[in-house]
Amino acid sequence: MKAQHIGERDEWTCWLCGHRVDPHAPAGSPSSPTVDHVVPRSRGGSNDDTNLRLAHRRCNGRRGNHLPELDWPDEFGLLDAPPLWRSLRHLIPSESGRKARRRSKRRAARKRSTAADQGLVVALAPTAETAEAAGDWAGDAARRFVGGTWTATTEATGVGDCHVVRLTVDGPTLDPGRPVD
Ligand SMILES: [Zn+2]
């Protein structure tokens with residue numbers, strides 16, 4: 001069965017809460033193993049193993065088609081931060097984007113010089129410390145969500161102690177999916 005296969009691969013650890021999943025929990029119970037889609041089907045996620053993770057039924061259900069693992073935690077007190085999922089979409093070239101770029105080398109050069117190389121400002125934090133913590137959190141959340149190697153840097157804005165958080169990505173990632181209306 002699929003859950004068995006994904007469970008063994010994921011070492012019976014729930015990718016959402018990080019706790020152990022009992023392979024023998026009664027089917028349909030809140031702690032039973034389920035297969036979750038990293039990018040939900042409704043957002044264009046595939047049934048490919050790379051898009052599948054082991055999750056408790058209760059964790060999977062709570063998540064639904066939302067992406068709560070990409071919600072910025074309140075604790076950083078960020079002054080401004082678009083939804084992280086939207087930022088990831090800007091940072092990760094989509095398959096259609098890749099095709100369009102193959103068609104236009106000039107556009108490729110322009111695009112490469114923006115998000116991919118220099119990263120993207122993903123948040124504005126009130127202090128250097130919170131910017132650093134938010135960057136660590138965002139890099140980790142992005143890696144868990146789509147893979148890849150994420151680097152967060154912070155920069156002073158010159159306004160008070162405000163710092164921006166910038167993310168860059170390297171290596172292969174999953175497509176973060178498409179918007180849902
Ligand atoms: Zn769980």
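Me: What makes one face of strand β5 the covered face, and which residues belong to the uncovered one?
Reply: In this predicted model, the covered face of β5 (residues 163–170) consists of His163, Val165, Leu167 and Val169. The uncovered face holds Val164, Arg166, Thr168 and Asp170.

Me: How many bridges join β4 to β5, and how do the two strands run?
Reply: Eight bridges join β4 (residues 149–156) to β5, and the strands run antiparallel. Glu155, for example, has Val164 of β5 as its bridge partner.

Me: What lies between β4 and β5 in their hairpin?
Reply: Six residues lie between the two strands of the hairpin. In the turn, Gly158 has a positive phi of about 85°.

Me: Why are β3 and β4 called the edges of the sheet?
Reply: The open sheet has three strands in the order β3-β5-β4, with antiparallel pairing. Because β3 and β4 each have a single partner strand, one side of each is left without a neighbour in the sheet. Neighbouring strands are turned by 25° against each other on average, direction ignored.

Me: Which helices are placed against these strands, and at what angles?
Reply: α3 lies across β3 and β5, running at about 155° to β3. α6 packs on the sheet, where it touches β3, β4 and β5, and its direction makes about 160° with that of β4.

Me: How do you know that the span of α6 agrees with its number of residues?
Reply: The expected span is 1.5 Å times one less than the number of residues. For the 19 residues of α6 this should give 27 Å, and the end C-alpha atoms are 27 Å apart, so the two agree. After α6 comes Gly147, whose phi is positive, near 75°.

Me: Which residues of α6 are buried, and what covers them?
Reply: A residue is buried if 20 or more other C-beta atoms lie within 10 Å of its own. In α6, the buried residues are Thr130, Ala131, Ala134, Gly135, Ala138, Gly139, Ala141, Ala142, Phe145 and Val146. Their cover includes α3, β3, β4 and β5. As a general point, an α-helix has 3.6 residues a turn, so residues three or four places apart point the same way.

Me: What makes up the largest nonpolar core, and which members touch the most others?
Reply: This core has 22 residues, of which Ala134, Ala138, Ala142, Val165 and Leu167 touch the most other members. Two or more residues come from each of α3 (84–91), β3, α6 (128–146), β4 and β5. α6 gives the most, with seven residues.

Me: Which residues does Ala134 touch, leaving aside those up to four places away in sequence?
Reply: Ala134 touches Phe76, Leu78, Ala123, Ala125 and Val165. A second, separate core of nine residues includes Ile6, Leu54, Ala55 and Cys59.

Me: What is the order of elements in the protein as a whole?
Reply: The protein has six helices and five strands, which run α-β-β-α-α-α-α-β-α-β-β from the N terminus on. Of its 181 residues, 28% count as buried. Among contacts between residues at least 6 apart in sequence, 65% join residues at least 24 apart.

Conventions. Residues numbered from 1 in each chain as written. Predicted model: local features only at pLDDT ≥ 70, side-chain atom pairs only at ≥ 80, totals over all residues. Buried ≥ 20, exposed ≤ 12 C-beta atoms within 10 Å, placed from the backbone. Helix = DSSP H or I, 4+ residues; strand = E, 2+ residues; numbered from the N terminus. Pairing = 2+ DSSP bridges. Core = buried A, V, L, I, M, F, W, Y, C linked by C-beta atoms within 7 Å. Contact = placed C-beta atoms within 7 Å. Axes fitted to C-alpha atoms, helices over the stretch in contact; angles between N-to-C directions.
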